[in-house]
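The following exercises concern one protein chain. Please inspect the sequence and the model before reading each solution.

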Amino acid sequence: MKKYIVASMSLFGFVAFKAQQNVTLNVRLKPIQTLIVNPSQKVVNLDYKTKDDYANGVSSVNADHLSIYSTGGFQVKVKGANAALQSGAKNIQANTIQIKASAGTEVLNGAQYAQNVQLSANDAILVTSANGGVDKKINIEYKGAGANAYLDNYIAGQDPTVYTTELTYTIISQ
């Protein structure tokens with residue numbers, strides 16, 4: 001009997017106790033948005049060279065002008081530096097220039113693209129998307145006024161007379 005008791009004690013001696021500890025694992029996602037203007041399209045010219053240009057207006061279509069990365073829904077906005085483009089004492093009202101956005105070569109499904117947004121010194125929404133995207137492209141068309149709106153803005157002795165403003169594009173999460 002002593003042998004059985006010693007054997008039983010030996011078996012129980014090899015039993016290990018189990019210990020548990022818990023760890024909380026968090027996956028923390030922060031919003032990231034990047035917006036890049038195509039480096040070869042940093043300067044956009046609206047050239048009025050002919051009678052028809054002044055009558056009908058001119059446009060510049062910039063394919064894949066903007067490239068975006070966003071971790072979720074976003075808006076792309078644009079604004080000009082001032083309410084008017086100036087050259088010396090003369091100016092052209094910024095709101096005579098329209099901006100149109102459209103899908104580029106890398107399409108963001110479900111995005112809404114604004115048409116004929118008037119340039120101003122206030123933010124205007126060009127693109128809205130409920131979904132994020134990686135390296136999605138946006139085409140931008142700039143259109144200057146027709147109907148001879150700029151007819152009296154040429155300054156004698158300048159070839160060409162240049163009216164300039166800086167545009168700021170912004171991407172924000174939504």
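**Exercise 1. Determine how far apart the mean positions of the positive and negative charges of the protein chain lie.**

Solution. The chain carries 15 positive and 11 negative charges. Lys and Arg count as positive and Asp and Glu as negative, while His and the chain ends are not counted. Each charge is placed at NZ of Lys, CZ of Arg, CG of Asp or CD of Glu. The model is a predicted one, in which local features need pLDDT of at least 70 and side-chain atom pairs count only at pLDDT 80 or more, whereas totals for chains, interfaces and linings use all residues. Residues are numbered from 1 along each chain as its sequence is written, and side-chain values use heavy atoms, with hydrogens and water left out.

**Exercise 2. Compare the radius of gyration of the protein chain with that of a compact globule of 174 residues.**

Solution. The radius is taken over C-alpha atoms, and the globule rule is 2.2 Å times the number of residues to the power 0.38. For 174 residues a compact globule would come near 16 Å, but the protein chain has 31 Å. Along the principal axes, the C-alpha atoms fill a box of roughly 120 × 30 × 25 Å. Buried residues (under 20% relative accessible area, 1.4 Å probe, protein chains only) make up 30% of the chain.

**Exercise 3. Characterise the surroundings of Ile125.**

Solution. Ile125 belongs to strand 9 (residues 124-129). Its relative accessible area is 38%, so Ile125 is partly exposed, a class that lies between buried and exposed (over 50%). Leaving aside residues up to four places away in sequence, Ile125 touches Gln75, Val76, Lys77, Ala114 and Val117, where contact means heavy atoms within 4.5 Å. Ser40, by comparison, is 85 residues from Ile125 in sequence and 24 Å from Ile125 in space, C-alpha to C-alpha.

Methods:
Helices (H or I, at least four residues) and strands (E, at least two) are DSSP runs, numbered from the N terminus.
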